[in-house]
Structure formats: C-alpha cells, structure tokens
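Trainee: I would like to learn how to read side-chain contacts. Please take me through one model.

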Amino acid sequence: MNSTSVATLISSIFEPMVVVYALAILAGIRVGESHWYFGYIALLVVVGIIARLYFKLKDKTNWDISDRKKRIVPLLFLVGILCIQMIVIMQFNNVELISLYWMFLWWVVGFFLLTLKIKVSGHLSILTLAVCQFIWWYGNSILWLVLFIPLLSWSRVLLKRHTIREVIVGICYSSIVFLWLN
C-alpha cells in the first residue's frame, strides 16, 4: 500500500460527515438517550448523504467539494438543517445534547463565514472539534486522540486537497470555537 492509498484511507475514515455522526451517536450513548434519538440520527445520515450527493452532482464537483465557492450553497443548506435540528434536539430536553448541537450550529455558521474568504479544511476542522469534545468528556485518558490531527493533516496535504495553511486554519478555527463555547 503506497502513501497515497494510506492518505486516501485516512481521509475517508475521518470524512466530516462520518466524524459528526459518530460524535452525535456517542453523545447520545453518553447521555443515555432513547431510541428516538438514534432513529433521528439515522434519518440525518440519510438526509446528509442525499444532500451531499445532490450538491456533488449539481455542481459537478468531487465529494469533498474542493472548490471553495461551490461550498457556499451546501454550507447554507447545512446551517438551515442545523437550525431545524436545534428545534428537534430541544425536544429531547437534554442539556448536554443541546449544548453539543449549539456548538455544531455556531461552528457551521463560522465555517460558512470563513469559507466566504478563504478555503479551510473541513476534515481537520471537524476532527479537531470532535477531539476537543471527547477530551472534554473523558479527560486526559484519551489525549492520544490528538495524534489523529497531524495524521489527517498529512493526508489532506499529501492528497493536495489542502495547503498547510488551510489545514492549520481549520485546526485553529475549531480550537478557538471549542474554547469559546466551553
């Protein structure tokens, strides 16, 4: 297996939709949420995949939507979806879930605004946000998760999906958002 294949595998494993849904599922498990919550997450997975495929085909782009300008409409769509999600999540009456989804919403709004000016790595941004959240929940015993950040950074740069600057901005952006909201 060559380095490009390894980088592709790493990028696929840490695809933003996968990381966000994994974080949402683990949050539900952590707070002991009901089967309704997990059904809701399953519905979001289907909606997310359909929306991603729609924008990929409509804009004739790759799965990552590498062209910054083509990210704007899908990100606006995501902001709208997250606003609807906040209404639904509030019905679960779980402070920890509500807090997590507020963080998602603020993160996406900020990411959208950044995208208007510069290209930022969504992979690194969302992975950094998730790693920060896991460490917040479980403490230093899982500090080793931080090692995935440079690994994914290497992957994104090697695959020429991002520059080192775009990767660093993604990491810094999510770190700042997490610290600001927690």
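Mentor: Start with Y138, which is partly exposed at a relative accessible area of 41%; buried means under 20%, exposed over 50%, and partly exposed in between (1.4 Å probe, protein chains only). This is a predicted model, so local features need pLDDT of at least 70 and side-chain atom pairs pLDDT 80 or more, while totals for chains, interfaces and linings use all residues. Residues are numbered from 1 along each chain as its sequence is written, and side-chain values use heavy atoms, leaving out hydrogens and water.

Trainee: How many aromatic pairs are there?

Mentor: A pair of aromatic rings is described by the distance of the centres and the angle of the planes. Rings of Phe, Tyr and Trp (its six-membered ring) pair if their centres lie within 6.5 Å; planes under 30 degrees apart are stacked, over 60 edge-to-face, and the rest tilted. The count here is twelve aromatic pairs. In one of them, W137 and Y138 are edge-to-face because their planes stand at 80 degrees, with centres 6.1 Å apart. W137 is buried, at 10% relative accessibility.

Trainee: Which charged end sits over the ring of Y138?

Mentor: A charge sits over a ring if NZ of Lys or CZ of Arg is within 6 Å of the ring centre and within 35 degrees of the ring normal. Here it is the charged end of R30, 5.5 Å from the centre of the Y138 ring.

Trainee: With which residue does R30 form a salt bridge?

Mentor: A salt bridge is a side-chain nitrogen of Lys or Arg within 4 Å of a carboxyl oxygen of Asp or Glu. R30 forms one with E96, the closest N and O atoms being 2.5 Å apart.
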